[in-house]
Amino acid sequence: MAYWKKLKWNMVIMAVLTVVMGAALILNPDAAALTICKLLGWIILISGAVSVVFYLKGRRSFWEASALVLAVIGIVLGVFIIRTPGIIVKFLGYLLAGVLLVHGINDIREAFEIRRFLDKRWNIALVLGIISILLGILILWNPFSSAAVLMTIIGISLVYDGITDLLIVLRAAKFVKDVKRDLEDDIID
């Protein structure tokens, strides 16, 4: 349970930061790009480091091993972004599309974890993950005429991604609470 609580709060913090970054891009797409680029580097770096620590402290399954690979990639990417924000601003759309793709993959992974516990609504997390992946692909495709429009679309996508991550965490937390309550009821009976 302690591992779950730490993981839950890490996911909540990341989701809220994602929503804040998205809102900043929507409100002022031109001025927000460099600042968000630096913040994104720190967020990716910290998230990767926290994920590595959680991996090293917990049990290791196939899905967690794949999460470790993503965490190490996140650490390297975070350091690169922090050190070269001016260069990264030019590629911010691709970077944020990558974040959406990684979040979508993680959402799908979490959906299958929820399914493993026989939760009937696991498909909601699956659909949200697929939508995140599709938004990432849309940003990579970049059918927009200007950088400001692209940044606004990225902002909207990040707000969506953060909100869906929060919904998945809340759903998973409710499920864990229900399982814990059921186990306690079985022990008492």
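The model is predicted. Its protein chain has an average pLDDT of 80, and 87% of the residues score at least 70.

**Confidence by helix**

- Within the protein chain, confidence is highest in helix H6, where the mean is 86.
- Confidence is lowest in helix H4, residues 85-90, with a mean of 73.

- Phe112 belongs to helix H5 (residues 92-116) and Trp122 to helix H6, and the pair links distant parts of the chain, 10 residues apart.
- Phe112 has a relative accessible area of 31%, and therefore counts as partly exposed.
- Trp122 has a further contact: the charged end of Arg115 sits over its ring, 5.0 Å from the ring centre.

**Nonpolar surface patch**

- A nonpolar patch on the surface is made up of Ile87, Phe91, Tyr94 and Leu140.
- Together these four residues have about 400 Å² of accessible area.
- Leu140 is part of helix H6, which covers residues 122-141.
- Leu140 is partly exposed because its relative accessibility is 36%, a value between the 20% limit for buried and the 50% limit for exposed.

How values were computed: Residues numbered from 1 in each chain as written. Predicted model: local features only at pLDDT ≥ 70, side-chain atom pairs only at ≥ 80, totals over all residues. Heavy atoms only, no water. Patch = residues over 30% accessible without salt bridge, like charges linked within 9 Å, V, L, I, M, F, W, Y side chains within 5 Å. Areas by Shrake-Rupley, 256 points an atom, 1.4 Å probe, with all protein chains shown as cover. Salt bridge = Lys/Arg side-chain N within 4 Å of Asp/Glu carboxyl O. Helix = DSSP H or I, 4+ residues; strand = E, 2+ residues; numbered from the N terminus. Buried < 20%, exposed > 50% of the residue type's maximum accessible area, 1.4 Å probe, protein only. pLDDT = per-residue confidence, 0-100. Lys NZ or Arg CZ within 6 Å of the ring centre and 35° of its normal.
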